[in-house]
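The sequence and structure come first.

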Amino acid sequence: MTELQRPQLVLPENRKKLLLHSCCAPCSGEVMEAITASGIDYAIYFYNPNIHPDREYEIRKNENIRFAEKHNIAFIDADYDRDNWFERVKGLENEPERGERCTVCFDMRFERTALHAHENGFDTISSSLGISRWKDMNQINGCGERAAARYSGLIYWTYNWRKGGGSARMIEISKREAFYQQEYCGCVYSLRDTNRYRRSQGRERIKIGVKYYGQEDSGEV
């Protein structure tokens, strides 16, 4: 599917201004281009205190800033707030991916997104997280709707970014832009578990900051 075949997007309920929570450049690339092509007024909100270690966080953030600047999209760099994240997920260190720890993590990130939207004139929030096939869209949407419900007049847009070729274009854009290709979800526990699995398969541990899309055939993030 080419860019010209993208669906024309419209915010629900005649909404006017979107605050898009972004987790990384690869996941948000297609989402940002689709929203921009549809003429929707929006800004990027980068709040991801789960990402570990610091170097991984800075690489992911700077890749997202680079792409936002290319498209002249406002980029809001929120606090890292890592200590608060560890406090929120205490006791959930051994939960699996898509488990309760992820719910708490999404809740935290979307609550801050919703607060910023409420305080700064945005009537809609959404996230690029759901475009990845590794994520549970129902889990993400539930967290987003719960966060938006805290504020009168604010909604969470549950648009399925995977449909209509969105997932395929995500990979195409990532290769075109030579985005950094993270190899785990982001938190220290997903890094731990991914490395455990890789060792069980006779593979090397993840090396931070070395893999980029386009260097070789890459799968979906």
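## A buried glycine

Gly 29 is buried, because its relative accessible area is 0% (buried means under 20% relative accessible area, exposed over 50% and partly exposed in between, with a 1.4 Å probe and protein chains only). The model is a predicted one, in which local features need pLDDT of at least 70 and side-chain atom pairs count only at pLDDT 80 or more, while totals for chains, interfaces and linings use all residues. Residues are numbered from 1 along each chain as its sequence is written, and side-chain values use heavy atoms, with hydrogens and water left out.

Gly 29 belongs to helix α1. Helices (H or I, at least four residues) and strands (E, at least two) are DSSP runs, numbered from the N terminus. When neighbours within four places in sequence are left aside, Gly 29 is in contact with Phe 67 and Ile 173, where contact means heavy atoms within 4.5 Å. Gly 29 and Ser 128 are 99 residues apart in sequence, and their C-alpha atoms are 8.7 Å apart in space.

## The sheet

Five strands form an open sheet in the order β3-β2-β1-β4-β5, with parallel pairing. Two strands pair if DSSP finds at least two bridges between them. At the edges are β3 (75-77) and β5 (155-156), each of which pairs on one side only.

Strands β1 and β2 run parallel and are joined by five bridges. Leu 18 stands opposite Tyr 42 in β2, and His 21 stands opposite Tyr 45 in β2. On to β3, strand β2 (residues 41-46) has three bridges, and this pair also runs parallel. Ile 44 stands opposite Phe 75 in β3.

How many residues of β1 are buried? Four of the five are, so β1 is largely enclosed by the rest of the structure. Strand β2 is mostly covered, with five of its six residues buried.

## Helices on the sheet

Helix α2 (residues 54-70) lies across β2 and β3 and runs at about 160° to β3. Helix α4 (residues 100-119) packs on the sheet as well, touching β1 (17-21), β2, β3, β4 (124-127) and β5. The direction of α4 makes about 155° with that of β1. Axes are lines fitted to C-alpha atoms, for helices over the stretch in contact, and angles run from 0 to 180 degrees between N-to-C directions.

## Helix pairs

Two packed helices are described by the angle between their axes and the distance between the axes.

| Helix pair | Angle | Axis distance |
|---|---|---|
| α1 (residues 25-37) and α2 | about 20° | 10 Å |
| α2 and α6 (residues 166-177) | about 95° | 13 Å |

The angle of about 20° between α1 and α2 makes α1 roughly parallel to α2. Angles under 35 degrees count as roughly parallel, over 145 as roughly antiparallel, 65 to 115 as roughly perpendicular and the rest as oblique.

From α1, the contact with α2 uses Ala 25, Ser 28, Gly 29, Met 32 and Glu 33, and from α2 it uses Glu 63, Asn 64, Phe 67 and Ala 68. By class, this contact of α1 with α2 has four nonpolar, three polar and two charged residues. Ala, Val, Leu, Ile, Met, Phe, Trp, Tyr, Cys and Pro count as nonpolar, Asp, Glu, Lys and Arg as charged, and the others, Gly among them, as polar.

At about 95°, α2 and α6 are roughly perpendicular to each other. Their contact is made by Arg 66, Phe 67 and Lys 70 of α2 and by Ile 173, Arg 176 and Glu 177 of α6. By class, the contact of α2 with α6 has two nonpolar, no polar and four charged residues.

## Backbone details

The peptide bond from His 52 to Pro 53 is cis, with omega near -5°. Pro 53 is placed in the loop between β2 and α2.

Asn 14, in the segment before β1, has phi near 60°, a positive value in a residue other than glycine. Asn 14 counts as exposed, at 67% relative accessibility. Ala 178, a residue other than glycine, also has a positive phi, near 55°. Ala 178 lies in the loop between α6 and α7 (188-200) and is partly exposed, with a relative accessible area of 36%.
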